[in-house]
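Please look through the structure below and take your time turning it. The report that follows walks through some of its features in short steps.

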Amino acid sequence: MSAFWITLFLLLLAACTLFLAAGWRQRQASLGDRDRLNQRFYHQRIDELAQDEEQGVVAERPVMERELQQTLLADIPPAQSLPSHSSSRWILLPGLLVLIGVSLGTYLKTGGLTQYTGWMQVQQAYPALRARLMDPGARPLSMEELARLELGLRTALQTEPDNLADWTMLGRLGMVLNQADIASQAFEHALQLSPNDMTLKQDYAEVLTRSPDPQDNRQASLLLRALLKAEPQNPRTLGLLAFNAYGQQQYDQAIEAWQALLNVLPAGDSRRAMIARSIEQARSDAGEQSRQLALTVRLTPQAEKMLPQDGVLYISVSDGTSPVPVAVKRIPLSHFPLSLTLDDSNAMMPDRLLSAQHQVAVRVRISRDGSATPQPGDWLGESAVTPWDGHQPIAVEINQQLP
């Protein structure tokens with residue numbers, strides 16, 4: 001920091017010196033030019049008098065020469081008046097002050113002093129932030145602290161461009177902070193230093209998969225398929241490949257990758273339910289949902305007369321045993337009778353899918369104010385607990401009003 005301010009002071013001092021030197025030299029030059037001009041005029045007139053005397057035009061040459069000498073002496077300031085010119089140096093003072101003021105004002109406006117000060121503060125805090133990040137028992141860093149750590153890490157990499165661990169950390173920080181460009185560039189540098197690192201390739205593929213650029217998504221797909229050839233049963237590679245294919249609406253490939261991942265995971269793994277739900281969602285998006293609940297909702301004449309103008313229809317499907325719904329759906333009121341379908345995309349929890357049920361009970365409620373909590377006066381209808389093989393339709397009539 002001190003070196004920066006010393007440099008700034010020296011540059012400003014040099015500018016002031018040049019300004020003063022230029023101004024003083026110009027004044028001295030103007031005085032010298034006037035004296036030389038007077039002398040040149042004097043000698044020219046002497047030569048002209050000599051020529052006029054030879055031609056007989058002038059008869060009193062000595063008198064005229066004395067008059068020229070007196071004129072020249074009158075134009076040259078006396079020696080005692082020279083010190084008064086030194087006081088004119090103060091005329092440069094306003095210009096000097098303007099130069100200093102404009103220079104400092106311009107720097108404060110456009111020189112990035114605030115950013116520089118913030119960067120210096122980050123540099124000072126960087127070692128402590130990094131130590132906290134590496135300490136499992138320390139308090140987790142906030143998003144703002146992670147952003148400051150990232151800036152400090154990028155600065156450190158300017159002096160250590162071959163530090164593989166720092167490039168890897170920078171890439172993962174970029175992923176956490178949702179800075180895809182920084183993460184991508186960091187992993188590219190890291191892979192240049194360690195081109196065979198499987199984890200780095202997976203990290204890089206994840207960044208490309210998250211990117212909104214379709215070209216990045218296609219590049220990630222190629223990279224993941226190459227990784228899968230090297231390790232066909234790698235769970236992370238299979239999961240990334242499925243997510244990448246799903247994002248590109250390649251549902252068949254996504255389902256294939258998720259099913260391969262299910263075959264790799266142990267039976268009690270908590271991720272299995274989420275993967276099964278993802279498979280059903282992909283099938284639904286592809287129009288291949290194997291188990292769907294086809295539902296028809298009707299109204300009694302009395303209920304139809306009392307339909308609220310801004311009502312909302314809530315549909316919940318349970319397994320007939322637990323009160324916690326397996327699937328729910330919320331839709332605005334429309335014309336009745338109403339036909340719709342529910343599938344695993346409407347599941348409440350990933351470990352309780354609609355497709356896994358063998359019996360269902362359906363409850364349909366009309367909320368007058370859109371509230372998810374039943375209110376007095378709401379109309380509803382319920383079906384009996386019905387065996388279900390994933391294909392047969394169910395009909396519900398709304399025929400009762402909550403007291």
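## A repeat and its surroundings

The model shown here is predicted.

Now the chain as a whole. It has 14 helices and nine strands. The chain holds 403 residues, and buried residues make up 35% of them. Take the contacts with a separation of 6 or more: residues 24 or more positions apart account for 56% of these.

## Helix α9 and its two partners

Two packed helices are described by the angle between their axes and the distance between the axes. Helix α9 can be followed through two such pairings.

Start with α10. Helix α9 covers residues 198–210, and helix α10 covers residues 214–230. They pack at an angle of about 150°, and their axes are 8 Å apart. An angle over 145 degrees counts as roughly antiparallel. The two helices α9 and α10 are therefore roughly antiparallel to each other. Their crossing is left-handed.

Which residues of α9 and α10 meet? On the α9 side they are M198, K201, Q202, Y204, A205, L208 and T209. On the α10 side they are D216, N217, Q219, A220, L223, L224, L227 and A230. The residues of this contact of α9 with α10 divide into nine nonpolar, four polar and two charged.

Next comes α11. The axes of α9 and α11 come within 10 Å and cross at roughly 15°. Angles under 35 degrees count as roughly parallel. That makes α9 roughly parallel to α11. The crossing of α9 and α11 is left-handed. From α9, the contact uses T199, Q202, D203, E206 and T209. From α11, it uses R236, T237, L240, F243 and N244. The residues of the contact of α9 with α11 divide into two nonpolar, five polar and three charged.

## Loops with particular backbones

Which residue does a cis peptide bond join to P337? It is F336, and omega is about 0°. P337 sits in the loop between β3 (327–332) and β4 (338–342).

Two loops between helices hold residues with a positive phi. N178 is not a glycine, yet its phi is positive, near 60°. N178 lies in the loop between α7 (164–176) and α8 (180–193). Is N178 buried or exposed? N178 has a relative accessible area of 70%. The cut-off for exposed is over 50%, so N178 counts as exposed.

Q249 is not a glycine either, and has a positive phi of about 60°. Q249 is in the loop between α11 (235–247) and α12 (251–264). With a relative accessible area of 59%, Q249 is exposed.

## Residues apart in sequence

| Pair | Apart along the chain | C-alpha to C-alpha |
|---|---|---|
| V176 and M143 | 33 residues | 8.6 Å |
| E144 and L177 | 33 residues | 9.4 Å |
| P127 and L153 | 26 residues | 9.7 Å |

Where do these residues lie? V176 is in helix α7. Leaving out residues up to four places away in sequence, V176 touches M143 and L146.

E144 belongs to helix α6, residues 143–159. At 59% relative accessibility, E144 counts as exposed.

P127 lies in helix α5, which runs over residues 113–134. P127 is exposed too, with a relative accessible area of 52%.

## Back to the model

One is α9, roughly antiparallel to α10 and roughly parallel to α11. The other is the loop that holds P337, between β3 and β4.

Note on methods:
Residues numbered from 1 in each chain as written. Predicted model: local features only at pLDDT ≥ 70, side-chain atom pairs only at ≥ 80, totals over all residues. Heavy atoms only, no water. Axes fitted to C-alpha atoms, helices over the stretch in contact; angles between N-to-C directions. Helix = DSSP H or I, 4+ residues; strand = E, 2+ residues; numbered from the N terminus. Parallel < 35°, antiparallel > 145°, perpendicular 65-115°, else oblique. Left-handed = near helix turned anticlockwise from the far one by under 90°. Contact = heavy atoms within 4.5 Å. Nonpolar A, V, L, I, M, F, W, Y, C, P; charged D, E, K, R; others polar. Buried < 20%, exposed > 50% of the residue type's maximum accessible area, 1.4 Å probe, protein only.
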